[in-house]
Amino acid sequence: MNPLARRIARMIEMDGPIGIGTFMMLALHDREMGFYATRESIGAKGAFITAPEMTQIFGELIALWCATCWREQGRPAAPLLVDLGPGRGMLVSDMLRALRAAPDFLESLEVVLVEASAKLESVQRGRLTDAAPPVRWVRRWNELGRDRPVFVVANEFFDALPIRQFVMTERGWCERMVVSKADALAFGLSPQPVQLPIREDRIVGEGAVYEICPAAPSLAQEIGEAIATNGGAALVIDYGHAEQAYGDTLQALRSHAQADVLAAPGEADISAHVDFAALAEGARRGGARAHGPVDQRDFLQTLGIGPRGEQLARANPERAEEIRGALARLTQTEAMGTLFKALALTPAGASVPLGFA
């Protein structure tokens, strides 16, 4: 076991098994040994590469999507452009560069980055040193302020929120826990079954897995309330499923390859598929209107990723193959095109946003 695994094992030995959500929080966010606190998580040297790291076009298209939403809502004053989990700052940097083509929106903005990792915040500050609009950092959504229009972008953010898993047994649904056994962390089941809010017409067999992410719809509701009250829009892009489904989607990535979830906490990224139906329902409870989800492929193609990609390839012939490869990875079915989905949130009376008609 690595040092963080040993610490978690001691915690379990003292207080009993812990839920998967608690394990995820320790593995990802422990201040001394958590993955996001100590590792270069994104990029060629990290565990994974996100869309903004592949091509500048991704950020350009999202920037113009936000500007279009702002204009269609009558150009509300003093909007906030909010990036949830901004990674290395590539997305917001590309967005701000693209927004030079929409100076009316750019000049009215304040940018807010919601980042829990001090290490990543330092990287972001370096990248955004010369940003034209004012930029500030907060640790949590509730530190944002609620009296201004908000245009929120959440790219690969919700997949890292802590989940809980339940397994169907002969006793009923029992929560999957993390236990310490034979000098290793392992999965176990709580002895007592629990009642889950699952439709009774769904028949499941023993061994079925049901996942929930309590924080995701709660945050979606808060975002929905902010948009419903003050105007704005939100765009969530992540990998997941359009409707609640059974299955174990918990995974770990280390150096761009699948890894054992429990083997080396703090050394791998841990995530799970996003339940977009739960996000949409949370946003509706907050008073917003949800659009989608739609496949990332369809969303980006509607925004013009193909023509923009060809334009960029012609302007940079030495990088043409790289540019076309990145676009293929974002849009092809066998890559990210259909696994990743986009969900938009708007005020109830706003028009349907671009890409969701």
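This is a predicted model: local features need pLDDT of at least 70, side-chain atom pairs count only at pLDDT 80 or more; totals for chains, interfaces and linings use all residues.
Q: Is Asp275 buried or exposed?
A: Buried means under 20% relative accessible area, exposed over 50%, and partly exposed in between (1.4 Å probe, protein chains only). Asp275 has 17% relative accessibility, so Asp275 counts as buried. Asp275 lies in strand E14 (residues 274-275). Helices (H or I, at least four residues) and strands (E, at least two) are DSSP runs, numbered from the N terminus.

Q: Which residues is Asp275 in contact with, leaving aside neighbours within four places in sequence?
A: Contact means heavy atoms within 4.5 Å. On that basis the partners of Asp275 are His241, Glu243 and Gln244. A polar atom of the Asp275 side chain also lies 3.2 Å from the backbone nitrogen of Ala277.

Q: Which residues of helix H11 are buried?
A: In H11 (residues 296-303) they are Gln296, Phe299, Leu300 and Leu303. Seen down the axis of H11, the buried residues fall within an arc of 90 degrees, so they line one face of the helix. The arc is that of the directions from the helix axis to the C-beta atoms. The cover over these buried residues includes helix H5 (56-72) and strand E10 (232-241). Gly304 follows H11, with a positive phi near 95 degrees.

Q: How many salt bridges does the structure hold?
A: Side chains of opposite charge can pair when their charged atoms come close. Here a salt bridge is a side-chain nitrogen of Lys or Arg within 4 Å of a carboxyl oxygen of Asp or Glu. The structure holds 22. One of them joins Glu53 and Arg88, at 2.6 Å from N to O. Glu53 lies in helix H4 (residues 51-54) and Arg88 in the loop between strand E2 (80-84) and helix H6 (90-98), so the pair ties together parts 35 residues apart in sequence. Glu53 is buried at 19% relative accessibility, whereas Arg88 is partly exposed at 21%.

Q: Which residue forms a salt bridge with Asp248?
A: Arg176 does, at 3.3 Å from N to O. Arg176 is in strand E7 (residues 172-180) and Asp248 in the loop between E10 and strand E11 (251-254), 72 residues apart. Arg176 is buried at 16% relative accessibility; Asp248 is partly exposed at 46%. Elsewhere, salt bridges that share partners join Glu60, Asp94, Arg97 and Arg308 into one network.

Q: How many aromatic pairs are found?
A: A pair of aromatic rings is described by the distance of the centres and the angle of the planes. Rings of Phe, Tyr and Trp (its six-membered ring) pair if their centres lie within 6.5 Å; planes under 30 degrees apart count as stacked, over 60 as edge-to-face and the rest as tilted. The whole structure has nine such pairs. The rings of Trp70 and Phe105 have centres 5.1 Å apart and planes at 35 degrees, so the pair is tilted. Both residues, Trp70 and Phe105, are buried. Ring pairs link Trp70, Phe105 and Phe151 into a cluster.

Terms used. Residues are numbered from 1 along each chain as its sequence is written. Side-chain values use heavy atoms; hydrogens and water are left out. A polar contact is a pair of N or O atoms within 3.5 Å; within protein, one must be able to donate a hydrogen and the other to accept it, and residues adjacent in sequence count only if both atoms are side-chain atoms.
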